Amino acid sequence: MDLNSLIPDNFRSLHNPTWIVKGQFVMFKKYEHIPVCFTEDDIVYIFLDNKIPKQIIKITKHLINLGIEFYFTTPELSNPKGIDDFEDTIIRHYLLSYAQKEFFYGFKKIEFDLIHNMVKWTEKENCFDLVKNNYEVINKKINTKHIDYYNNTEFYDFDKEIREDFQSLYRDIQINKIL
Amino acid sequence: MRDRAWRRYVEERIVIRRLKAQCDHYWSWRGFEDINKISHQHPRIKDYIGTENNFRFKTHTTTKWDTYHKVKYSPNKGKGYWRDGVKTREKDRKLFFKILKENGLK
């Protein structure tokens, strides 16, 4: 697959291009070139990178329009040294990114189901058993409560809507698995 | 010549310089945690994108030695010296809001 075809026409500019193909990656320039996606066996893998959430959402929308099979992965994989337990890391990164408000509201806006994509990827890699443990770890992290004793108030790191959505997320994952 | 694109270019250049100065001296056995919660023992400039450091360096962007720590939109706030009598964007902005208020638009 030609990587140049993954860059939409309206992202190309003649002067000072921000989207380029460099080596095996499509990259976006923000201070430095940040890898956005790569292909393997005609499947596109997008780095779910919170440094450039708008660009990730834009390219996801473009790939949906093209009708190409794609999955997400962790930006750690762009490092040539790689990672040891990549299945665990990618599932954790999927769930953690789902809780980031940029991706949570961004994917909702383009009507894309990140969890469905994750379930599809776990089925492809035969690692659905790892989802539950990772879900429990991330769920605990998201519902962490901080208490301000001076003002007698409680606050959380994540929005209320995201926390409420995460409570029933495992049920959604199981429904996606059955369907 | 010195339009929005030029200002953005200068701001970007200064932010890169500041981030570079920081990552040249950074080392920690725990590592620096970037926006994706990935730890880097020797962070590079791109690892700082989206973090508190990046936003702070972007906000405090002036090139004058005496306004180095001041905020972006009022670099010479309260300083009446060589900029007195000079037509500046800050003054234009103030005048614009004054006219809006006078006409009941703000």
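Visitor: In this predicted model, are A:Phe38 and A:Phe47 buried or exposed?

Guide: Both A:Phe38 and A:Phe47 are buried. The word calls for a relative accessible area under 20%.

Visitor: How many aromatic pairs does a search of the whole structure find?

Guide: Over all chains, the search finds 22 aromatic pairs. One of them joins A:Phe38 and A:Phe47, with 5.4 Å from centre to centre and 35 degrees between the planes.

Visitor: What makes A:Phe38 and A:Phe47 a pair, and why is the pair called tilted?

Guide: Rings pair if their centres lie within 6.5 Å, and here the distance is 5.4 Å. Planes under 30 degrees apart would count as stacked and planes over 60 as edge-to-face.

Visitor: Why is the pair of A:Phe107 and A:Phe112 called tilted?

Guide: The ring centres of A:Phe107 and A:Phe112 are 5.3 Å apart and their planes meet at 55 degrees. Since stacked needs under 30 degrees and edge-to-face needs over 60, the pair is therefore tilted.

Visitor: How do you know whether A:Phe107 is buried or exposed?

Guide: The relative accessibility of A:Phe107 is 3%. Buried means under 20%, so A:Phe107 counts as buried. A:Phe112, at 16%, also counts as buried.

Visitor: Which residues do ring pairs link into a cluster?

Guide: The cluster is made of A:Phe70, A:Phe72, A:Tyr94, A:Phe103, A:Phe107, A:Phe112 and A:Trp121.

Visitor: Which residues have the most contacts inside the largest nonpolar core?

Guide: They are A:Ile46, A:Phe72, A:Leu95, A:Phe107, A:Phe166 and A:Ile173, in a core of 65 residues. Helix H2 (residues 86–99) of chain A gives the largest share of this core, seven residues.

Visitor: What does A:Phe72 touch, not counting residues up to four places away in sequence?

Guide: Among them are A:Ile46, A:Ile90, A:Tyr94, A:Phe107 and A:Asn117.

Visitor: How do you know that the charged end of A:Arg163 sits over the ring of A:Tyr156?

Guide: The charged end of A:Arg163 is 3.6 Å from the ring centre of A:Tyr156, and the distance cut-off is 6 Å. The charged end of A:Lys177 also sits over a ring, that of A:Phe128, at 4.8 Å from its centre.

Visitor: What makes the contact of A:Glu161 and A:Lys108 a salt bridge?

Guide: The distance from N to O is 2.9 Å, and a salt bridge needs such atoms within 4 Å. The pair links distant parts of the chain, with A:Glu161 in helix H6 (residues 160–167) and A:Lys108 in helix H3 (residues 101–109), 53 residues apart.

Visitor: Why is A:Glu161 called partly exposed?

Guide: A:Glu161 has 38% relative accessibility. Partly exposed lies between buried, under 20%, and exposed, over 50%, so A:Glu161 counts as partly exposed. A:Lys108, at 44%, counts as partly exposed too.

Visitor: How do you know that B:Arg56 forms a salt bridge with B:Glu52?

Guide: The closest N and O atoms of B:Arg56 and B:Glu52 are 3.9 Å apart, within the cut-off of 4 Å.

Visitor: Why are B:Arg56 and B:Glu52 separated by about one helical turn?

Guide: Because they lie four residues apart in helix H2 (residues 52–59) of chain B. B:Glu52 is exposed, at 63%, whereas B:Arg56 is partly exposed, at 34%.

Technical notes. Residues numbered from 1 in each chain as written. Chains lettered and ligands numbered in written order. Predicted model: local features only at pLDDT ≥ 70, side-chain atom pairs only at ≥ 80, totals over all residues. Heavy atoms only, no water. Phe/Tyr/Trp six-rings, centres within 6.5 Å; stacked < 30°, edge-to-face > 60°. Buried < 20%, exposed > 50% of the residue type's maximum accessible area, 1.4 Å probe, protein only. Lys NZ or Arg CZ within 6 Å of the ring centre and 35° of its normal. Core = buried A, V, L, I, M, F, W, Y, C linked by side-chain atoms within 4.5 Å. Helix = DSSP H or I, 4+ residues; strand = E, 2+ residues; numbered from the N terminus. Contact = heavy atoms within 4.5 Å. Salt bridge = Lys/Arg side-chain N within 4 Å of Asp/Glu carboxyl O.
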